[in-house]
Amino acid sequence: MRRMTNYELHKEELLCNPAIRSEYDALQGEMQALNAIIEARIETGITQQELAERSGIKQSNISRIETGQSIPNVRTLNQIAMGFGKKLHIEFR
């Protein structure tokens with residue numbers, strides 16, 4: 001079994017606090033969206049600038065989305081998906 005990193009241990013400890021857990025849970029959809037963008041960009045091997053050119057979204061806006069400084073709306077997510085040559089899929093679980 002793999003040992004937990006200091007980050008993982010610290011995160012687990014913080015998430016025992018109900019207020020922190022509540023905020024963490026509230027941000028999960030946004031975190032999944034930005035992680036999906038980063039993973040798709042890495043998977044396709046393109047830069048933020050290339051994604052910007054393909055999607056019609058400024059590179060600076062893509063950077064803000066990937067760092068969590070900006071929350072994209074559905075239209076923006078769709079443009080990004082099209083920039084990857086993919087279709088946007090939203091799912092409720």
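Student: Let's start with I65. Leaving out residues up to four places away in sequence, which residues does I65 touch?

Tutor: I65 touches L34, I37, S70, P72, T76 and I80, where contact means heavy atoms within 4.5 Å. This is a predicted model, in which local features need pLDDT of at least 70, side-chain atom pairs count only at pLDDT 80 or more, and totals for chains, interfaces and linings use all residues. Residues are numbered from 1 along each chain as its sequence is written, and side-chain values use heavy atoms, with hydrogens and water left out.

Student: Okay! Where is I65, then?

Tutor: I65 sits in helix α5, which spans residues 59-66. Helices (H or I, at least four residues) and strands (E, at least two) are DSSP runs, numbered from the N terminus.

Student: And is I65 buried or exposed?

Tutor: I65 counts as buried because its relative accessible area is 4%. The cut-offs are under 20% for buried and over 50% for exposed, with partly exposed in between (1.4 Å probe, protein chains only).

Student: T76 and I80 came up as contacts of I65. Which residues of α6 are buried?

Tutor: In α6 the buried ones are T76, L77, I80, A81 and G83. These residues are on the same side of α6 because they cover an arc of only 155° around the axis. That arc is taken from the directions from the helix axis to the C-beta atoms.

Student: Which exposed residues are on the face turned away from there?

Tutor: R75 and M82 are the exposed residues carried by the face of α6 turned away from its buried side.

Student: And what covers the buried residues of α6?

Tutor: The cover includes α3, α4 and α5.

Student: What happens just after α6?

Tutor: Just after α6 comes G85, with a positive phi of about 75°.

Student: Switching to α4. Which residues are buried there?

Tutor: Q48, L51, A52 and S55 are the buried residues of α4. They share one side of α4 because their arc around the axis is only 105°. Their cover includes α3, α5 and α6.

Student: Which residue has a positive phi just after α4?

Tutor: That one is G56, where phi is about 80°.

Student: Tell me about A52. Why is A52 called buried?

Tutor: A52, which belongs to helix α4, is buried because its relative accessible area is 7%. Apart from neighbours within four places in sequence, A52 is in contact with I57, K58, Q59 and I62.

Student: And how far is A52 from P18?

Tutor: P18 is 34 residues away from A52 along the chain, and their C-alpha atoms are separated by 39 Å.

Student: Last one: what about S55? Which helix is S55 in?

Tutor: S55 is found in α4, which covers residues 48-55. With a relative accessible area of 10%, S55 is buried.

Student: Which residues does S55 touch, again not counting residues up to four places away in sequence?

Tutor: S55 touches I62, Q79, I80 and G83.
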